[in-house]
Amino acid sequence: MAVPVTYYLILSAMLFAIGVTGVLIRRNAIVIFMCIELMLNAVNLLFVTMARYMGSGSGQVFVFFVMAVSAAEVAVGLAIIIALYRNRQTLDVGEVNLLKW
Amino acid sequence: MEQIFFFVFAAIALVAGVLLVAFRNPVYSALSLVAAFFALAGLFVLLNAYFLAAVQIIVYAGAIMVLFLFVIMLLNLGHAGALERVAGKYRRVAVVLLAAVLVAQLGFMAGRHWAGTPVSDEAPLFTDNVNAIGKLLYTRYLFPFEVVSLILLVALIGVMVMVKRDRGGGESRSR
């Protein structure tokens, strides 16, 4: 591999960190969701890198599963967001305090 | 060569990720996320995961992002006016550019087809990759594969139950 595997790992970690930062500092529920997608993609990159590095196809199959689960997660999450917006007219996660004590 | 591509795609992915967090307008965030997905697809190609690169573009940049944009626009979070100003300025340029890309791609494929040459020089590589993934998926990982189908079914039913509005007044709990 011409590009050292470390570069891919660093890139994956940076993308994951950006996603975490977004989840922590943004208030908009949809943007938080997109940041979660970015984190999932960072992990996918890690899986593919390791699959290449270890010379096994299992990593790629797991990326497949991650994609399917994240598709299901997005569908359910966006349905929750729509239901939330209908009831509260807001997507600010700071104002959604039904489960806060 | 591979290093150059790696750094280009990595830079696109990182910049798009930062912009995703930084933009105030959710529509811009969604579009920068699409850019990040494309860059990651490029990285997958560099890692010889051709099939996953294609799936990444079709599933993530296609299906999932359409869902995101659909919800953003449905809830009218994108401040339609601002988007219209930007789109109006560049609409003609964008249409011409995208049409040119489409015609070029179709012309390339049609030329290859009529000339009798295979559509891609890398066809064996690609089929090998699909072959390996398919074999693993249907032998060693058959059970997780079936579980995934169940997860998708449950998500489908759950979404419909959650978003459905009760039409006939009566004893509806959720408006």
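Helix 1 of chain A and helix 1 (residues 2–22) of chain B pack at an angle of about 10°, with 9 Å between their axes. Here the axes are lines fitted to C-alpha atoms, for helices over the stretch in contact, and angles between N-to-C directions run from 0 to 180 degrees. The two helices are therefore roughly parallel to each other, a label given to angles under 35 degrees. The structure is a predicted model, in which local features need pLDDT of at least 70 and side-chain atom pairs count only at pLDDT 80 or more, whereas totals for chains, interfaces and linings use all residues. Residues are numbered from 1 along each chain as its sequence is written, and chains are lettered from A and ligands numbered from 1 in the order in which they are written.

On the chain A side, this helix pair meets through A:Y7, A:L11, A:M14, A:L15, A:I18, A:T21 and A:G22. Their counterparts in helix 1 of chain B are B:F6, B:A10, B:A13, B:L14, B:G17, B:V18, B:L20 and B:V21. Two residues are in contact if their C-beta atoms, placed from the backbone, lie within 7 Å. Sorted by class, this helix contact has twelve nonpolar, three polar and no charged residues. In this scheme Ala, Val, Leu, Ile, Met, Phe, Trp, Tyr, Cys and Pro count as nonpolar, Asp, Glu, Lys and Arg as charged, and the others, Gly among them, as polar.

Turning to the whole interface, chain A contributes 45 residues and chain B 47 residues. On chain A, the elements giving two or more residues to the side that touches chain B are helix 1 (5–25), helix 2 (29–54) and helix 3 (58–88). Helix 3 of chain A gives the most, with 21 residues. The chain A side divides into 34 nonpolar, eight polar and three charged residues.

Within helix 2 of chain A sits A:V48, which is buried, with 26 other C-beta atoms within 10 Å. The term buried calls for 20 or more such atoms, exposed for 12 or fewer, and partly exposed covers the values in between. Leaving aside neighbours within four places in sequence, A:V48 is in contact with A:G59, A:Q60 and A:V63, and also with B:F44, B:L47, B:A49 and B:L52.

As for chain B itself, its secondary structure comes to six helices and zero strands; helices (H or I, at least four residues) and strands (E, at least two) are DSSP runs, numbered from the N terminus. Of the 175 residues of chain B, 23% count as buried. Among its contacts between residues at least 6 apart in sequence, 49% join residues at least 24 apart.

Definitions and conventions:
Parallel < 35°, antiparallel > 145°, perpendicular 65-115°, else oblique.
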